[in-house]
Amino acid sequence: MTRPDLATLLDLARAWTADDPDPATRAELDAVVAAAEAGDAAAQGDLADRFDGTLEFGTAGLRGALGAGPRRMNRVVVTRAAAGLAAYLRGTGARGGVVIGYDARHNSDVFARDTAEVMTGAGFEAHLLPAPLPTPVLAYAIRELGCAAGVMVTASHNPPEDNGYKVYLGDGSQIVAPVDAAIAAQIAAVGRVADVPRGRPGRVLGEEVVDRYLDTTAALVADGPRDLDIVYTPLHGVGGTSVAAVLETAGFAAPRVVEQQEQPDPDFPTVAFPNPEEPGAMDLAMELAARVDADLVVANDPDADRCAAAVPTPQGWRMLRGDEVGALLADHLLRSGREGTYATSLVSSSLLGTMAAAAGQPYVETLTGFKWIGRVDGLAFGYEEALGYCCDPEHVRDKDGVSALLLLCDIAAGAKAEGRTLLDLLDDIARRHGLHATDQLSVRVEDLGVITRAMQTLRSTPPTVLGGLAVEAVDDLAAPPAGGLPPTEGLRYRLAEGARVVVRPSGTEPKLKCYLEVVVPVEAGPDDDVADAVAAARIVAAGRLDAVRTDLAAAAGL
């Protein structure tokens, strides 16, 4: 498809400016237009990038860089999204209000107010959360207030120049297909923003709904040991106040908070990417933990729907993988007798399925994303390896970094009281179920064509051996078997000895993500040292993962 010519782009930009209610983005676009008219090639390219299509509304809602134009996040795009959502709700006969939350990113509060005015203008009651708050508070409030839908203005852990718009329906779960397409069609039918009816700014909720969320979360843990020295960082996000309140209510001493990252800051000045998974993001927290000889480091991403953790080892502090935290939480809940379906995504470790089967509980594997996990019938616990955990599906049908953090602290404190650590508990799990070691090959690209070519290569010339393990089956997830998972772009390789590889493009970032897993039995008799046996298995697993990673990169041409 050819891009519009310069004259067309200039016409589109002028029409946009005439309809834009935001003086900041109008001025921004006027400057780009002036430079483009003067022959500036970079400005002409910028203009084409802003107006060659629209920001796609999908199952993740909207997410993109802030700025003027239909391919950016701005008040025009948000107003149209809100109007489209309202039209969809009216068309389905939905009853109840719409609750709106927002984080501390640039313009999040503005986008939330615009959404509230559009909802009241469409005849819906709009409820605004009282402050920048974690995403799980919004997910909780939808069900608690009996709303028809919810909107969370957040870009989660994306870079500071981004913002986003996440939509939930009345069951408290994120939208999935075909609802996303139906809403997108209504958005496309919205005309001029100036013609969208606007009403009152909505009702700002009191602190009561937040307090109920905090009390409900704190009640997830029973009385028990509370001697635990905790270091915490909200990564410049909105989780700090909620985490402090929940820990206090549950009986823990106040955590030591990383001072440089304690207050919400939309520029995220101390991290390259505000994602605890990214290299360096947790360095300040682990440095503080080492100085004070803490027991545990915990962190949230900026909207506090994810939870990360780090633990001390003889070689220094190390991050726990998402699969390790998921196994610890699941083991705790299974041992506590929680019944129901345990669910995880197809890119997460297969260990959860093994654990659930051993406890006689159902297990379900879903597509990547909590929009799928949160919809599992009878869900008791769900997680995905990207640090997302649903520990209280009765109240929050989404990932919740606050409740996961509290449960992890409860587990760590109980282990400490017995002279043990979270690493000891992981060794116990490996002894019972085999060591399930996971890793990633993640390639961030400037040119999305790199991802397309890699997927084409893997489809046309699939590897037969990875890391010395035979490829026993290949599943093209874009065309899964009837009755299986919904189609999605990705490939899954089932290897010998229980190993597995999943390759998929990221849904939110310009990355190709490859998820690797090997399973190594832990050979330990009743009198053997479990830690030594697990350590030996880890050495074997590390070698296998390295070999799989090397062969996969070569097979994909990366």
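This is a predicted model: local features need pLDDT of at least 70, side-chain atom pairs count only at pLDDT 80 or more; totals for chains, interfaces and linings use all residues.
I call a residue buried when its relative accessible area is under 20%. I need that cut-off for helix α6, where the buried residues are Thr135, Pro136, Val137, Leu138, Ala139, Tyr140, Ala141 and Ile142.

**Entry 1: helix α6**

I started with α6, which runs over residues 135-144 and is mostly covered, with eight of its ten residues buried. What covers those buried residues? I found β2 (98-102), β4, β5 (162-169), α8 (208-218) and α14 among the elements that do it.

**Entry 2: Gly150**

Next I went to Gly150, which I placed in strand β4, residues 149-153. Is Gly150 buried or exposed? Its relative accessible area is 0%, so I put it down as buried. I listed its contacts, skipping neighbours within four places in sequence: Val98, Val99, Leu138, Ile142, Lys166, Val167 and Tyr168. Two of those names, Leu138 and Ile142, I had already written down as buried residues of α6. I also checked Gly150 against Ser442: the pair is 292 residues apart in sequence, and the C-alpha atoms are 32 Å apart in space.

**Entry 3: the whole chain**

I stepped back and counted 17 helices and 21 strands in the protein chain. The radius of gyration is 24 Å, close to the 24 Å from the globule rule for 558 residues, so I can call the chain as compact as a globular protein of that length. Along its principal axes, the C-alpha trace spans about 80 × 55 × 50 Å. I got 56% of the 558 residues as buried.

For contacts between residues at least 6 apart in sequence, I noted that 69% join residues at least 24 apart. The accessible surface comes to about 21900 Å², and carbon and sulfur atoms hold 51% of that. On charge, I have 48 positive and 79 negative side chains, with the centres of the two sets 4 Å apart.

**Entry 4: nonpolar cores**

Which residues touch the most other members of the largest nonpolar core? Tyr389 and Leu422 do, in a set of 81 residues. Helix α14 (residues 401-417) gives the most to this core, and I counted eleven residues from there. I wrote out the residues that Leu422 touches, leaving out those up to four places away in sequence: Leu296, Val311, Leu320, Leu328, Leu408, Ile411 and Ala412. There is also a second, separate core of 51 residues, including Ala43, Val78, Met119 and Ile175.

**Entry 5: Gly202**

Met119 came up again when I looked at Gly202: the two are 83 residues apart in sequence, yet 8.3 Å apart in space, C-alpha to C-alpha. Where does Gly202 lie? I found it in the loop between α7 (179-188) and β6 (203-204). Not counting residues up to four places away in sequence, Gly202 touches Thr120 and Ala126.

**Entry 6: Asp331**

Last stop was Asp331, in helix α11, residues 322-335. I had to go back to the cut-off here: buried means under 20%. Leaving out residues up to four places away in sequence, I have Asp331 touching Met355, Ile429 and Arg432.

Notes: Residues are numbered from 1 along each chain as its sequence is written. Side-chain values use heavy atoms; hydrogens and water are left out. Helices (H or I, at least four residues) and strands (E, at least two) are DSSP runs, numbered from the N terminus. The radius of gyration is taken over C-alpha atoms; the globule rule is 2.2 Å times the number of residues to the power 0.38. Buried means under 20% relative accessible area, exposed over 50%, partly exposed in between (1.4 Å probe, protein chains only). Contact means heavy atoms within 4.5 Å. Accessible areas come from the Shrake-Rupley method with a 1.4 Å probe; for residues, only the protein chains shown count as cover. Lys and Arg count as positive and Asp and Glu as negative; His and the chain ends are not counted. The place of a charge is taken as NZ of Lys, CZ of Arg, CG of Asp or CD of Glu. A nonpolar core is a set of buried Ala, Val, Leu, Ile, Met, Phe, Trp, Tyr and Cys residues joined through side-chain atoms within 4.5 Å.
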